[in-house]
Amino acid sequence: MDNMISYLKWRGDLTFRKYPMCEADYLVFSQLAYITFDGVVSSSFTPETTVGKAAINAYKALKNAPNKLIRHAENMLFLRELITSPRFCDLPICGYVDILNKEKEEQFSAITILVPDSSDISDTACVIAFRGTDANVVGWKEDFNMAFSHTVPAQIDAVRYLEQAAKEYPLNRLFVCGHSKGGNLAVYSAAFCHPDIREHIVQVRSLDGPGFAEEIIKTPGFQEILDRTSTVVPSSSVVGILLEHAESFSVIRSYATEGPFQHDPFTWEIKRDSYVYVEEITDITKYIDSTISRWLFDMDSQLREKFINGLFKIISETGVEDIREIFSPKNVIIMARALRKLDTDTSKALSEAANRFRVSAKKDLPLLVKKLRVRKK
């Protein structure tokens, strides 16, 4: 089955001059935003290198740090194809920002790529790609904070970043994208940037990115950008269905098993220059969506905040920075001990939230089981 690496292999010989921006390109640029370019790509918006040259240096660095990125092998193949791809290798890349602030509970990173565009008055368009959540615990905490806070630090920095890029390229058309939290940042930055900049935004793509609170969706800027915004989710999405969505919604096929594994963009099927679309999300995803939505609705923002802060207080006792290390046998024991030592108020919040989740999960469970049994027959 073909994925984005297959796209780079078989369609990467068509330059942007021959074939303009397509859906698969958003996926490539969003994945590129996950790559670490420290010392390789300047924070300046004046290009000093190309995607191909940056990929060479990133490839060498990643080869010596196999645990730096989730899906190391796939990212190595991804970079290797970018190095030789006529479509991508000569594109100027700039504006690399990478912020990790434990005190502010913020993880933010973005890049800007300049793409030939015959429809642009300057003959070049800007693609702004925001990084999603990586393996760092700080980034995961910021994601969870979205459940009780309408604005998180990364969203504010995303608006600032988009406005800085637009200031450097005031006449250029803008394409904004990102995967996971990066998709949320793409939509948020487009909705809350200066209105003059919003006029230059051609398309916004959120690739399995979480939505927003209704108060955010109702804002004038959000409504203005809706007709240029689209969210793409795999059929068994877990992340992309969170919170509210008002933009157009496309469901695509992933060859991963159901559940969180489909969040991995390397598992998304690509046909020629786009995704393989399906009619709707799965019954299990609908069940997860209704369960989480009902659960969050049943808790006020104060309880959500206490629950999330308590959860991450337990995690912090392990001292780990990489989310992948949390469930080691040693850390499970540490977290179990930390749970017993929580203050009464936090312990009550955790118990109350857990109880409400059980009630929410039971609500539609009989219907889901019935559907699955019918399907097996």
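**Exercise 1.** Across which strands does α6 lie, and at about what angle does α6 run to β3?

Solution. In this predicted model, α6 lies across β2 (92-101), β3 (106-116), β4 (124-130), β5 (174-179) and β6 (201-207). Relative to β3, α6 runs at about 25°.

**Exercise 2.** Describe how α6 and α7 pack, beginning with the angle and ending with the residues in contact.

Solution. Begin with the geometry: α6, which spans residues 153-168, packs against α7, residues 181-192, at an angle of about 60°, and their axes are 8 Å apart. Because angles of 65 to 115 degrees count as roughly perpendicular and those under 35 as roughly parallel, α6 is oblique to α7. Turning to the residues, α6 contributes A154, Q155, A158, V159, L162 and E163, which meet K181, N184, L185, Y188, S189, A190 and F192 of α7. Sorted by class, this contact has 8 nonpolar, 3 polar and 2 charged residues.

**Exercise 3.** In what order do the 8 strands form the open sheet, and which are the edge strands?

Solution. The order is β1-β2-β3-β4-β5-β6-β7-β8, and the pairing is mixed. At the edges are β1 (49-50) and β8 (248-252), each of which pairs on one side only.

Note on methods: Residues numbered from 1 in each chain as written. Predicted model: local features only at pLDDT ≥ 70, side-chain atom pairs only at ≥ 80, totals over all residues. Heavy atoms only, no water. Axes fitted to C-alpha atoms, helices over the stretch in contact; angles between N-to-C directions. Helix = DSSP H or I, 4+ residues; strand = E, 2+ residues; numbered from the N terminus. Parallel < 35°, antiparallel > 145°, perpendicular 65-115°, else oblique. Contact = heavy atoms within 4.5 Å. Nonpolar A, V, L, I, M, F, W, Y, C, P; charged D, E, K, R; others polar. Pairing = 2+ DSSP bridges.
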